[in-house]
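Please read it with the model open.

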Amino acid sequence: MKAMLLAAGRGERLRPLTDRVPKALVEAGGKPLIEWQLERLAASGCREAVINVSHLGERIVERVGDGARFGLRVVYSREAEPLETAGGIAQALALLGEAPFLLVNADVYCEVDFRHLLALELGARLAHLVLVPNPPHRVAGDFSLAGRLVGNGGPPRYTYAGVSVMAPKLVSTVRAGEKAPLGPLLHRAADAGLLSGGLYRGVWQDVGTTERLAELEARLASRT
């Protein structure tokens, strides 16, 4: 199974840091966020990855290169301007192919084991989401979870971790080059009973603000 890392965003809430560094190259624990993900993908058996890039994207290309030093073959989906999540996926489908793929937000730190996700069979479902307990900045959560069925009900509700296995069909209504968010497509699929999921209670950190980046730095520093 191929992987796609979402790395095209501008990181507005991390400015001014992201005025000069793309969000995916922001460092935590002495390493860019995207490198943590690439290393874990390779260790889990993934061999091919697509990275979408836009804002300061050539900095990511220069840093990661062809992925060989991570044990991966990396190719890039370039966006003249960020196309949002679903738009970025639709733009990259020519590189991803027709099979389900592992989708990972490059701007989160997550220690979930990708191995079981890479082996997951979606069947008729459109996606399988990794959910996490709601962090303080997202107390309402995103989805309900009943067994393995992801829905829009609840409580309890959980937060989408930015990690999933996705069928290309999920973004079939989005044209290549079109801006489109992923959230509405996921909620529509949940209403149709076409999303599965699992709850991950391990280490996960959204790094969307300078405060949350500092939290992650402190967390990683406490291990050394």
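The points below are grouped by topic.

The model is predicted. Strand β6 (residues 101–105) is largely enclosed by the rest of the structure, because four of its five residues are buried.

**Strand β6 and its partners**
- Strand β1 (residues 3–6) runs parallel to β6 and is joined to β6 by four bridges.
- Leu6 has Asn105 of β6 as its bridge partner.
- Strand β11 (residues 157–166) runs antiparallel to β6, again with four bridges.
- Phe101 is bridged to Met166 in β11.

**His55**
- His55 sits in the loop between β4 (48–53) and α3 (57–64).
- With a relative accessible area of 11%, His55 falls under the 20% cut-off and is therefore buried.
- Val21 is 34 residues from His55 along the chain, and their C-alpha atoms are separated by 9.1 Å.

**Largest pocket**
- The lining has 37 residues, and Lys23, Thr85, Asn105, Asp107 and Asp206 are the closest to the centre.
- Two or more lining residues come from each of α4 (84–96), β11, α6 (183–191) and β13 (204–206).
- Strand β11 gives the largest share, four residues.
- By class, the lining holds 15 nonpolar, eleven polar and eleven charged residues.

**Second largest pocket**
- Of its 14 lining residues, Pro135, Pro136, Trp204, Gln205 and Arg219 lie nearest the centre.
- Both β13 and α7 (210–221) give two or more residues to this lining.
- The lining of this pocket divides into six nonpolar, three polar and five charged residues.

Key:
Residues are numbered from 1 along each chain as its sequence is written. This is a predicted model: local features need pLDDT of at least 70, side-chain atom pairs count only at pLDDT 80 or more; totals for chains, interfaces and linings use all residues. Side-chain values use heavy atoms; hydrogens and water are left out. Buried means under 20% relative accessible area, exposed over 50%, partly exposed in between (1.4 Å probe, protein chains only). Two strands pair if DSSP finds at least two bridges between them. On a 1 Å grid over the protein atoms alone, a cavity is a set of points where a 1.4 Å probe fits but cannot get out, and a pocket is an open set with protein on both sides within 12 Å along at least five of seven lines; lining residues have an atom within 4 Å of a point. Ala, Val, Leu, Ile, Met, Phe, Trp, Tyr, Cys and Pro count as nonpolar, Asp, Glu, Lys and Arg as charged, and the others, Gly among them, as polar.
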